[in-house]
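Let's take a walk through this structure together. Have a look at it first, and then we'll go from the overall layout to the ligand.

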Amino acid sequence: MDFTEINTRGLVLLGCGKMGSALLEGWLKGGIDAGAVYVLDPNPSDWVKAQGVHINEDLPDDPAIALLAVKPQMMGDALPSMAALGNGTTLFLSIAAGTSIARFEEALGGQTPIVRSMPNTPAAVGRGITAIIGNTHATAADLDLAEGLLKAVGQVVRLETEAQIDAVTGVSGSGPAYVFHLIETMAAAGEAQGLAPELAMQLAKATVAGAGALAEAAEESPAQLRVNVTSPNGTTAAALNVLMDEEKGFPKLLGDAVKAATERGRELGK
Ligand SMILES: NC(=O)c1ccc[n+]([C@@H]2O[C@H](COP(=O)([O-])OP(=O)(O)OC[C@H]3O[C@@H](n4cnc5c(N)ncnc54)[C@H](OP(=O)(O)O)[C@@H]3O)[C@@H](O)[C@H]2O)c1
């Protein structure tokens with residue numbers, strides 16, 4: 001990606017916590033000049049302070065992009081500091097869960113180009129996936145710019161409607177936590193079957209990471225990969241009988257979990 005425009009006009013980062021820092025790290029590695037970055041954060045971390053970016057200084061008049069990366073509950077307090085950049089040619093890119101495009105337009109002005117996105121925490125290791133959707137003032141070039149920036153930390157997909165973002169939150173935004181819990185419970189189950197705690201945890205982590213990598217790399221679908229390792233009446237089949245139970249297994253559990261997250265996202269957006 002060509003970052004000339006950003007290096008010339010500047011990039012503002014409002015809130016530089018976990019997600020903001022993960023993105024910033026990817027951008028600095030990818031070719032954005034530290035001198036072009038303006039961070040606003042009341043408590044910048046030692047890592048941020050060591051990057052050579054501007055911290056809590058006056059902002060440029062017309063930065064190419066302003067990334068909104070504060071918690072949704074802080075957004076109301078934080079947005080007024082950005083209002084002067086609204087209704088112009090600065091593209092606003094939000095990664096906040098549950099803050100609607102309409103709320104940004106209210107705070108920043110109805111002519112503001114805005115892209116709303118939903119990333120996830122594997123961004124911290126360059127393996128995230130982010131979904132994006134623009135408002136009516138976001139041009140094709142704006143969406144390309146947002147996509148190029150977010151690709152610094154993983155894959156990017158585009159949505160057709162803003163409403164889809166709640167389901168994305170339910171699957172990939174909140175999803176890493178489901179997988180972390182899968183690792184925890186697999187390790188605990190291994191312990192219950194007699195393995196030492198550290199060994200059980202190592203087996204569970206490597207299994208989830210390895211299966212994930214295989215699912216991404218393989219040409220077969222995950223369903224086919226599952227069939228490939230399941231011999232009739234074997235050990236895997238014994239476990240899958242439990243996990244694939246329509247009433248008590250993954251189909252019901254994950255269906256309910258993703259639905260709960262999606263509905264919570266919808267509520268937060270109101
Ligand atoms: N983490 C995830 O898995 C994930 C996934 C998808 C989307 N997101 C979204 O990403 C956003 C950031 O999440 P996060 O996990 O990075 O949160 P975080 O680590 O708490 O980072 C937010 C940062 O913003 C700072 N801040 C608070 N008020 C501010 C203000 N008025 N002006 C400027 N900075 C301010 C916070 O400082 P203090 O610590 O001093 O309050 C903190 O450093 C959220 O909106 C969240 O919905 C997160």
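What follows starts with the chain and ends at the ligand.

A quick note before we set off: this is a predicted model, where local features need pLDDT of at least 70 and side-chain atom pairs count only at pLDDT 80 or more, while totals for chains, interfaces and linings use all residues. Residues are numbered from 1 along each chain as its sequence is written, and side-chain values use heavy atoms, with hydrogens and water left out.

The protein chain splits into domain 1 (3-160) and domain 2 (174-269), with bounds that come from an automatic or database domain assignment. Their C-alpha centres sit 33 Å apart. Seven residues from domain 1 and five residues from domain 2 make the contact, meaning heavy atoms within 4.5 Å.

Now for the ligand. It has 22 residues around it, and Met19, Asp41, Asn43, Val70 and Ala97 come nearest; to count as near, a residue needs a heavy atom within 4 Å of the molecule. Sorted by class, this shell holds 15 nonpolar, four polar and three charged residues. Here Ala, Val, Leu, Ile, Met, Phe, Trp, Tyr, Cys and Pro count as nonpolar, Asp, Glu, Lys and Arg as charged, and the others, Gly among them, as polar.

Which backbone atoms does the ligand meet? A polar backbone atom of Val70 is 2.6 Å from an oxygen atom of the ligand, and one of Ala97 is 2.9 Å from a ligand oxygen atom. At Ile95, a backbone N or O atom lies 3.5 Å from a nitrogen atom of the ligand.

Conventions
Polar contact = N/O pair within 3.5 Å; in protein donor to acceptor, adjacent residues only side chain to side chain.
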